[in-house]
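Q: I would like to learn how to read the features of a structure step by step. Could you take me through this one?

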Amino acid sequence: MSDTPLTAALGDAGAEPLQVLLLVVVTAAYTRRSRTLALRGRPVRLARQASFFTGVALLLVALVSPIHTLAEHRLFYVHMIQHLLIGDLAALAIVLGLTGPVLRPLLALPLVRHLRVLAYPLVALPVWAASFVIWHEPAVYGAALAHGPLHGLQHVLFFATGAMMWAAIVEPLPGPAWFGTGPKAAYVLAVRTLGTAVASVFIWAGTAFYPWYAAREPAGIDALTDQRIGGLIMFVEGGVVTLVVFAWLFLRWTREAEMRQTLVDRGHDPEAAARAARYGRSALARRPTAPPGRR
């Protein structure tokens with residue numbers, strides 16, 4: 001069967017048509033839900049919408065640009081850039097754009113409701129780690145390059161497990177009470193420790209793990225150098241993202257501490273005040289507390 005104009009255009013750009021179609025559907029659903037919430041007087045903040053669409057743009061750069069073609073056929077380090085865009089940066093940006101009201105129609109679906117457990121920290125972390133390690137195992141990595149559907153699955157799982165990993169930290173939906181700022185910082189450190197370990201293997205190994213790139217390399221770079229550049233990119237990206245997330249966690253911790261103390265000073269129960277501060281319930285902070293005799 002001959003390619004349609006859209007399929008041919010996407011193929012020339014190095015895109016994965018089904019992945020792009022899925023992205024279009026998700027973006028349309030998010031846009032419609034945001035408009036519905038705005039009409040109901042509960043608009044999604046512009047910063048969250050900007051973050052979501054930034055994530056969409058990053059995915060398009062990864063899937064509909066020369067990055068995809070170079071990643072598949074020429075350079076390992078470009079493939080590393082693609083995977084970081086899909087599984088780390090885009091996943092984080094899109095999760096930052098989500099809220100409980102935005103997700104409510106999706107969570108109403110029975111199957112999706114049961115899958116919510118995947119964002120639980122003690123589930124999300126090992127699932128993400130397993131996906132991250134397994135897909136970089138040379139035999140699995142090579143199979144994904146050789147088979148289009150498997151490569152598409154690789155991208156979907158990179159994004160899905162990355163989104164679950166970040167959702168545990170960002171908490172578009174309420175997380176477990178014990179998973180406060182301290183545990184979140186340790187969680188981020190665990191994520192980056194694994195990323196750094198894999199990057200270090202790529203940087204310091206004396207053997208090219210993906211030798212099939214060697215026959216496709218442009219003049220001036222061999223497969224081992226290509227691999228080391230890919231590891232360095234992973235190392236630097238992980239370090240920058242970790243610093244940004246740690247800064248965000250610190251600012252969030254100070255804001256929560258201030259709001260929690262304000263609520264306690266107004267007579268609210270400390271446990272309820274802590275949870276209200278954690279999820280930014282400023283309306284509770286502004287509401288006066290009834291006199292003791294009238295509670």
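A: Gladly, and we can begin with ring pairs: rings of Phe, Tyr and Trp (its six-membered ring) pair if their centres lie within 6.5 Å, and planes under 30 degrees apart count as stacked, over 60 as edge-to-face and the rest as tilted. Here, ring pairs join Phe76, Tyr141, Phe202, Phe209 and Tyr210 into a cluster. Please keep in mind that this is a predicted model, where local features need pLDDT of at least 70 and side-chain atom pairs count only at pLDDT 80 or more, while totals for chains, interfaces and linings use all residues. Residues are numbered from 1 along each chain as its sequence is written, and side-chain values use heavy atoms, with hydrogens and water left out.

Q: How many aromatic pairs does the ring rule count?
A: The count comes to 14 aromatic pairs. Take Tyr30 and Phe52: their ring centres are 3.7 Å apart and their planes are at 5°, so this pair is stacked. Tyr30 sits in helix α2 (residues 17–39) and Phe52 in helix α3 (residues 46–63), 22 residues apart, so the pair links distant parts of the chain. For a tilted example, look at Phe76 and Tyr141, with 6.0 Å centre to centre and 50° between the planes. That pair also links distant parts of the chain, from Phe76 in helix α5 to Tyr141 in helix α9 (residues 138–146), 65 residues apart.

Q: Are Phe76 and Tyr141 buried or exposed?
A: Buried means under 20% relative accessible area, exposed over 50%, and partly exposed in between (1.4 Å probe, protein chains only). Phe76 has 2% relative accessibility and therefore counts as buried. Tyr141 is buried as well, with a relative accessible area of 1%.

Q: Which side chain makes a polar contact with the side chain of His79?
A: A polar contact is a pair of N or O atoms within 3.5 Å; within protein, one must be able to donate a hydrogen and the other to accept it, and residues adjacent in sequence count only if both atoms are side-chain atoms. For His79 the partner is the side chain of His151, at 3.3 Å. His79 is found in helix α5 (residues 76–96), and with 1% relative accessibility His79 counts as buried.

Q: Which residues is Ala91 in contact with, leaving aside its neighbours within four places in sequence?
A: Contact means heavy atoms within 4.5 Å. On that basis, Ala91 touches Leu85, Ile86, Phe159, Gly162, Ala163 and Trp166. Ala91 belongs to helix α5 and is buried, with a relative accessible area of 0%.

Q: How many salt bridges does the structure hold?
A: Side chains of opposite charge can pair when their charged atoms come close. The rule asks for a side-chain nitrogen of Lys or Arg within 4 Å of a carboxyl oxygen of Asp or Glu. The structure holds three salt bridges. In one of them, the side chains of Asp88 and Arg192 meet at 2.9 Å, N to O.

Q: Which residues are linked in a network of salt bridges?
A: The network links Glu171, Lys184 and Arg252. Lys184 and Glu171 have their closest N and O atoms 2.9 Å apart, while for Glu171 and Arg252 the closest N and O atoms are 3.3 Å apart. Glu171 lies in the loop between α10 and α11 and Arg252 in helix α12, so that pair ties together parts that are 81 residues apart in sequence. Glu171 counts as buried at 7% relative accessibility, and Arg252 counts as buried at 6%.

Key
Helix = DSSP H or I, 4+ residues; strand = E, 2+ residues; numbered from the N terminus.
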